[in-house]
Amino acid sequence: MAETRILIVEDEEALATLLEYNLGKESFEVGIASDGEEAMLKIDEEAPDLVILDWMLPKVSGIEVCRRLRTKPETRNLPIIMLTARSEEADRIRGLETGADDYLTKPFSTNELIARVRAVLRRIRPGLAEDKVSVGDLIVDRVSHRVLRGDKEIHLGPTEFRLLDHLIQHPGRVFSREQLLNAVWGSDVFVEVRTVDVHIGRLRKALNKHKQGDPIRTVRSAGYALEAGR
Ligand code: CA
């Protein structure tokens, strides 16, 4: 986990391969779709964290893909960066109006694209693109999968790690059990909602092993939040 999945939707094979290589080097998990139809299918199946979407595509155009994604509840907030050969201001505005988060005009450097990807991810989900996130005396290192509380290392199971990793990206925000299920287990997996309570219980116990206080707040009938100040 902690890997950010990016789907590149681009029919120019050479460009798609170049982007795949360069984003892969930045340790993103990268997929490719070569037309609008394939893009819709892959977004459905793979639930990427961000989509790089070419404007001119066979079958279903980029702008139409963007429009469709914005009308579906599951993908309404999916970050989209549009690519285009057109540089006209009117097209730029149209792209953003359709719901793209950012816009790059071809030709662009891969460094520029990577910078935009990181900027969009930071804006949409603070902390997502960071290797290390800290809240209060808690530090989550996503590269080494280590968790520290003060100077003590905390050992977590993979599910507890993913739970903490999700909560720490949005300190103070209350997540319902369903939201945590979708974020940590995935929306296509059938898991009892109560399972979340079990793993929150384990996470709590591990985090409070040295009696530094419980950083997880239970909000009655709403869900859980990670508190920054505890
Ligand atoms: Ca194209």
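What spacing do the donors of the calcium ion follow along the chain? In this predicted model, the pattern is D-x42-D-x1-M. The protein atoms concerned belong to Asp11 (OD), Asp54 (OD) and Met56 (O), and they lie 2.1 to 2.4 Å from the ion. Asp11 is placed in the loop between β1 (5–9) and α1 (13–25), while Asp54 belongs to strand β3 (residues 50–54), so the two aspartates tie together parts that are 43 residues apart in sequence.

Are these two aspartates buried or exposed? Asp11 is partly exposed, its relative accessible area being 36%. Asp54, by contrast, counts as buried, with a relative accessibility of 3%, which is under the 20% limit for that class.

From Asp54 the description can pass to the neighbouring strand. The bridge partner of Asp54 in β4 is Leu83. Strands β3 and β4 run parallel and are joined by four bridges. Between them the chain passes through helix α3 (residues 62–71), forming a β-α-β crossover that is right-handed. Strand β4 itself covers residues 80–84, and five of its five residues are buried. Both of its faces are covered: Ile80, Met82 and Thr84 are buried on one side, and Ile81 and Leu83 on the other. Strand β4 also pairs with β5 (residues 102–105), again in parallel and through four bridges. In this pairing Met82 stands opposite Tyr103 of β5.

Which order do its strands take, and is their pairing parallel or antiparallel? The sheet is open and has four strands in the order β6-β7-β8-β9, with antiparallel pairing. Its edges are formed by β6 (132–135) and β9 (152–154), each of which pairs on one side only. From one strand to the next, the twist averages 25 degrees. Strand β6 is linked to β7 (residues 138–141) by four bridges, and the two run antiparallel. Within this pair, Val133 has Val140 of β7 as its bridge partner.

Nine of the 11 residues of α6 are buried, so the helix is largely enclosed by the rest of the structure. Among these buried residues are Phe161, Leu163, Leu164 and Leu167, together with the polar residues Asp165 and His166. The elements covering the buried residues include β6, β7 and β8, as well as α7 (177–185), α8 (194–207) and β11 (223–226).

The nonpolar cores complete the picture. The largest of them contains 25 residues, and Leu164, Leu180, Ile200 and Leu226 have the most contacts inside it. Two or more residues come to this core from each of β6, β7, α6, α7, α8 and β11.

Definitions and conventions: Residues numbered from 1 in each chain as written. Predicted model: local features only at pLDDT ≥ 70, side-chain atom pairs only at ≥ 80, totals over all residues. Heavy atoms only, no water. Donors = N, O, S within 2.8 Å, 3.2 Å for Na, K, Ca; no water. Buried < 20%, exposed > 50% of the residue type's maximum accessible area, 1.4 Å probe, protein only. Pairing = 2+ DSSP bridges. Right-handed = clockwise from strand over helix to strand, strands pointing away. Axes fitted to C-alpha atoms, helices over the stretch in contact; angles between N-to-C directions. Contact = heavy atoms within 4.5 Å. Core = buried A, V, L, I, M, F, W, Y, C linked by side-chain atoms within 4.5 Å.
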